[in-house]
Structure formats: C-alpha cells, structure tokens
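Thanks for coming. I will go through a few parts of this structure, beginning with a term we need.

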Amino acid sequence: MTLKASTGLRNKILDTGSLRSRLDLGFIKIYSGSPPATADAAVTGTLLCTISNASGGTGLTFESAAVAGVLAKKSSETWSGVNAAGGSAGYYRHVAVGDTGASSSTEERVQGSIAVAGADMNLTNTTLSNGATQTVDYYTLTLPTL
C-alpha cells in the first residue's frame, strides 16, 4: 500500500502550511482489518490503539527540520499507546487533533499499511494484545520527488 493523504491535508499543505505543522500534536490510530479506499473515507475495522507521546495522551511531534525530503519522528519522544482492544493490525491513520474518523474531505490525515516488513509502518508483531503497550520506534513521512 502506498501512503494516502486526505484531500484536506493536501489542500492545506498547498494553501497554508507544512506537513509537519499540519500533523504535529496529532495521533496515530491503529485499526484492524482492510483499510478504506482513501484517507477521506470513514475508518473501518476496530480501533486497536492510539499512539501518543509516552502513552500520555499528548500529541506526537516531528523533528524540527526535514532531511532529504524525509520528515522523522522526534527522537526524544517515545511514541506509544496502550492497546484498547486485541486483534491484527491492518492499517493506521496519522490524524490531526479532533479527527473522529468519519468520512471527510477536510480532515488532515495520512493513511498507511502495517506489516512486520515492507509496509508503510513496520511493527515487530502485528497481533496486538488488549492492555499491552504498543510502541512505534521508527516513523517517517517522505515527500516524493515531482
């Protein structure tokens, strides 16, 4: 799966701001099942985990500068969350604060695949256990060359 940006995110990056400024202080939500066709569509599956800074409900931030077209997770933060349900992780969404997961062409989102290897987000194990802590040790967003 290729990363998918929502219409709202694409429009705001083109009109008013950087990718970092749009997703800083947002969250990564991990869902079970097959991903929706687009990042504009409503979420599908079960919400397994919400990743925040140190599982504390504070939003995630990126490094202050992109390098070679790549925006990376802030190295001083621990991105983690406590699994709200057990299941097999199928996809994720990096969302801005307040995103309900409903169908929207204005919400700022990135949607990607999850696997053990070769996905947009790789996890050590894609089977999440209810109540266990899930961490995201490595996360980047890359802007392709045009």
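A pocket here is an open set of grid points where a 1.4 Å probe fits, with protein on both sides within 12 Å along at least five of seven lines, and a lining residue has an atom within 4 Å of a point. Keep in mind that the model is predicted.

Now the second largest pocket. It holds about 290 Å³ of space. Its lining is made of 16 residues, and those nearest the centre are Met 121, Asn 122, Leu 123, Val 136 and Tyr 138. By class, the lining has 7 nonpolar, 7 polar and 2 charged residues.

Which strands supply at least two residues each to that lining? They include β8, at 121–122, β10, and β11, at 140–142. The biggest contribution is from β10, which gives 3 residues.

That brings us to how β10 is paired. Strand β10, residues 133–136, runs antiparallel to β5, with 4 bridges between them. In this pairing Val 136 of β10 is opposite Trp 79. Val 136 is also one of the residues nearest the pocket centre.

On to β5 and another partner. Strand β5, residues 79–82, pairs with β3, residues 47–53, also in the antiparallel sense, over 2 bridges. Here Ser 80 in β5 has Ser 52 opposite.

Last, a helix. In α1, residues 7–15, which residues are buried? Thr 7, Gly 8 and Leu 9 are. The elements covering the buried residues of α1 include β1 at 4–5, α2 at 19–23 and β7 at 109–115.

Conventions: Residues numbered from 1 in each chain as written. Predicted model: local features only at pLDDT ≥ 70, side-chain atom pairs only at ≥ 80, totals over all residues. Heavy atoms only, no water. Buried < 20%, exposed > 50% of the residue type's maximum accessible area, 1.4 Å probe, protein only. Contact = heavy atoms within 4.5 Å. Pairing = 2+ DSSP bridges. 1 Å grid on protein atoms, 1.4 Å probe; cavity = no way out; pocket = protein on both sides within 12 Å on 5 of 7 lines; lining within 4 Å. Points joined across faces, edges and corners; volume = space filled by probe spheres on them. Nonpolar A, V, L, I, M, F, W, Y, C, P; charged D, E, K, R; others polar.
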